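Thank you all for making the time this morning. I would like to walk you through a structure that may be new to you, so please take a look at it before I go on.

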Amino acid sequence: MSRITAPKSIIVGAYIIQVIFTHLDHKGEFSHDDELIIRLSEKIEGMLLAETFLHEVIHALWYLYKVGGDPNELDAYEFGEMSEEEVVARLSFAITNFISQNKQAMKWYESLLESESSKSM
C-alpha cells in the first residue's frame, strides 16, 4: 500500500491554510496573525498527529467561521449569548464544509487512524 502524504495546504471556507511540519516545543498551533498556517510538530505521528491536526483545524474553523463571535473583539472566544445548539450548529456546518473541500487531507487523516489501529491488532 502506498503511503499517503500529508497535505501542504487545506481549504477552510474561502481561505487556503498552509500546513507545515516543523520543530515545536508543543504538538501544534494555528496561526492567523500574518498568514494562515497550521504548524505541526515533526516529532509526532499516528493517532497523536491525527488528533493534533484535527485540533488545529477546529481552531481554524472556530476563527474563520467566527464560532465564538467577532475575532477582533477582546472576548471573541467567549460564548456570550450563544446557546450550545448555536455553537454546535456552526461547528457542524464548518466541519462538514471542511471535509467536503479537503478530500485528500481526509484520506491522509484516515491513513493515520488506520496505521494506529493496525498497531493494536
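Let me begin with a term: a residue is called buried when its relative accessible area is under 20%. Please also keep in mind that this is a predicted model, in which the protein averages a pLDDT of 85 and 83% of the residues score at least 70. Among the elements, strand S4 has the highest mean pLDDT, at 97, while helix H3, residues 103–119, has the lowest, at 85.

Turning to the aromatic residues, the structure contains five aromatic pairs. In one of them, Phe30 and Tyr63, the ring centres are 6.2 Å apart and the planes stand at 55°, so this pair is tilted. The two partners come from distant parts of the chain, since Phe30 sits in strand S3 and Tyr63 in helix H1, 33 residues apart. Phe30 has a relative accessible area of 13% and is therefore buried, and Tyr63, at 18%, counts as buried too.

A further tilted pair is made by Phe53 and Tyr109, with ring centres 6.3 Å apart and planes at 45°; because Phe53 lies in helix H1 and Tyr109 in helix H3, this pair ties together parts that are 56 residues apart in sequence. Phe53 is buried at 1%, and Tyr109 is buried at 15%. Together with Phe21 and Trp108, Phe53 and Tyr109 form one aromatic cluster.

Leu54, which belongs to helix H1, counts as partly exposed at 35% relative accessibility.

Terms used:
Residues numbered from 1 in each chain as written. Predicted model: local features only at pLDDT ≥ 70, side-chain atom pairs only at ≥ 80, totals over all residues. Heavy atoms only, no water. pLDDT = per-residue confidence, 0-100. Helix = DSSP H or I, 4+ residues; strand = E, 2+ residues; numbered from the N terminus. Buried < 20%, exposed > 50% of the residue type's maximum accessible area, 1.4 Å probe, protein only. Phe/Tyr/Trp six-rings, centres within 6.5 Å; stacked < 30°, edge-to-face > 60°.
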